[in-house]
Amino acid sequence: MRRAIVPGTFDPVTSGHIDIIERAGTLFDDIVIGVAHSPNKGGGPLFTIEERVGFLETATAHLDNVVVRPFDTLLVRFAEKIGANVIVKGLRALTDFEREFQMAALNWRLDSEVETMFIMAVPENMYLSSSAVKEIAAHGGSVRGLVPDVVQAAIDQKLGKVR
């Protein structure tokens, strides 16, 4: 069985994340979406780990070979625990490549049995990030189409907006 992990903070999950997960799902028998706790990333997450896991479960319910699991360990240890030997990461731009290249090298150093595979974002998602979604929403802009519907509703509720 070929099992891969698609890790991230997913705060919030975007349409770009879903595209990478769907495309990875065609390449592997099983995909585990690893939702990192990441309490210190960018001043802390907007959504709890339980909310982020729930959003991903809802947004990927149409994918039979995908499960969602939270983790708070080193990524390679989590991969080992779930039996994944491939880490799948999405790349949008050169800045992503530099950061992800460094992380891939460090992960390989920690466990050379775990490979990293990169999937390029489709052009319409190359600009899309969770940070951009939060910024747009915080300033009253619509994030419709940038995130799954379940996330759109949660952002509206969290920020006290009705669109």
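Okay, housekeeping first. Residues are numbered from 1 along each chain as its sequence is written, and side-chain values use heavy atoms, with hydrogens and water left out. Since we're looking at a prediction, local features need pLDDT of at least 70, side-chain atom pairs count only at pLDDT 80 or more, and totals for chains, interfaces and linings use all residues.

Rings, then. Phe, Tyr and Trp rings (the six-membered one for Trp) pair if their centres lie within 6.5 Å; planes under 30 degrees apart are stacked, over 60 edge-to-face, and the rest tilted. That rule gives 4 aromatic pairs. Take F47 and F55: the ring centres are 5.0 Å apart and the planes sit at 85°, so we call this pair edge-to-face. Buried here means under 20% relative accessible area, with exposed over 50% and partly exposed in between, using a 1.4 Å probe and protein chains only. F47 is buried at 1% relative accessibility, and F55 is buried at 8%. F71 and F78, on the other hand, are stacked, with 4.6 Å between centres and 10° between planes. Both F71 and F78 are buried. Ring pairs also link F97, F101 and F118 into a cluster.

Strands pair if DSSP finds at least two bridges between them. Strand 4 runs parallel to strand 1, residues 3-8, with 2 bridges, and I5 stands opposite I87. Strand 4 is also parallel to strand 5, residues 115-120, with 6 bridges; there V88 faces M117.

Methods. Helix = DSSP H or I, 4+ residues; strand = E, 2+ residues; numbered from the N terminus.
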